[in-house]
Amino acid sequence: MNNNQLFLKSLLTVGLTISSPQNTLLSSSKITSINGNYLTTNNQVKSTRLLNNNAYSLDRLKMNITKLNTFKSFQNNWDGYYGDKINNETILFTEHILKNLTIQPQVFPTNRGTIQIEKYFNDSNFYEVEINGNEVFIYAMKGENEIEKSMEKEEIINFINSLYA
């Protein structure tokens, strides 16, 4: 199961509604089932395929924000493996980062009560950022340059956007 399918399955599990403008792939719909890369919403099959992975997409941002909002309902042991609850400060700061990025990454909750955002362009160009309230840790590769360090909240957005240049 790919990451997109896992995300959609998580939405199905919590019975969420996805809303987006009329001219997009998804309109306001209750997710009822998932089959491969397609989902059924209100008895209509809709594709979950989005724009080119490297294109800015308001729909991708909306999906990431919807995904973040699901994390608010997580309690301790949310994953069945003693996963820690994700605090609201971490969710709000992650949302702030996402709203200020040129290209939308993938977003994942971690077992440690943190949120990881990541974007893979290829094997030598990617970043992974782990966010925990006021703490931000980044691991990135750009060509032959490897970066692994903690960052201040104020510098993370500019740093991530610089990786797209």
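I began with Asn77, which counts as partly exposed because its relative accessibility is 37%; here buried means under 20% relative accessible area, exposed means over 50%, and partly exposed lies in between, with a 1.4 Å probe and protein chains only. I noted that this is a predicted model, in which local features need pLDDT of at least 70 and side-chain atom pairs count only at pLDDT 80 or more, while totals for chains, interfaces and linings use all residues. I also noted that residues are numbered from 1 along each chain as its sequence is written, and that side-chain values use heavy atoms, with hydrogens and water left out.

I located Asn77 in the loop between H2 and H3, where helices (H or I, at least four residues) and strands (E, at least two) are DSSP runs numbered from the N terminus. Asn77 is not a glycine, and yet its phi is positive, at about 70 degrees. I then turned to Tyr82, which lies in the loop between H2 and H3 and has a positive phi near 65 degrees, although Tyr82 is a residue other than glycine. Tyr82 counts as exposed because its relative accessible area is 71%.

**The whole protein**

I looked up the overall layout and found 4 helices and 9 strands, which run α-β-β-β-β-α-α-β-β-β-β-β-α from the N terminus on. The protein has 165 residues, and 41% of them count as buried. Taking the contacts with a separation of 6 or more, I noted that 39% are between residues 24 or more positions apart, where contact means heavy atoms within 4.5 Å.

**Helix H3**

I followed H3 through its 12 residues, 88-99, and its span from first C-alpha to last is 17 Å, close to the 16 Å expected at 1.5 Å a residue; the expected span is 1.5 Å times one less than the number of residues.

Which residues of H3 are buried? I listed Thr90, Ile91, Phe93, Thr94, Glu95, Ile97 and Leu98. Those buried residues pack against helix H2 (58-71), helix H4 (153-163) and the strands E5 (106-109), E6 (115-122), E7 (125-132) and E8 (135-142). I wrote beside this that an α-helix has 3.6 residues a turn, so residues three or four places apart point the same way.

A polar atom of the Thr94 side chain lies 2.7 Å from the backbone oxygen of Thr90. Not counting residues up to four places away in sequence, Thr94 touches Leu68, Ile115, Ile117 and Ile131. I also checked Asn64, which is 30 residues from Thr94 in sequence and 9.8 Å from Thr94 in space, C-alpha to C-alpha.

**H3 against H4**

At what angle do H3 and H4 pack? I noted about 35 degrees, with the axes 10 Å apart; axes are lines fitted to C-alpha atoms, for helices over the stretch in contact, and angles run from 0 to 180 degrees between N-to-C directions. The contact is made by Glu89, Phe93, His96 and Ile97 of H3 and by Lys153, Ile156, Ile157 and Ile160 of H4.

On the H4 side, I found Ile156, Ile157, Phe159, Ile160 and Leu163 buried, and the buried residues of H4 pack against H3, E6, E7, E8 and strand E9 (145-151).

**Gln116 in E6**

I finished with Gln116, which lies in strand E6 and counts as buried because its relative accessibility is 17%. Gln116 and Ile131 are 15 residues apart in sequence, and their C-alpha atoms are 6.2 Å apart in space. Leaving aside neighbours within four places in sequence, I noted that Gln116 is in contact with Gln106, Val107, Phe108, Thr110, Glu128, Val129 and Glu130. The side chains of Gln116 and Glu118 are joined by a polar contact of 2.5 Å; a polar contact is a pair of N or O atoms within 3.5 Å, where within protein one must be able to donate a hydrogen and the other to accept it, and residues adjacent in sequence count only if both atoms are side-chain atoms.
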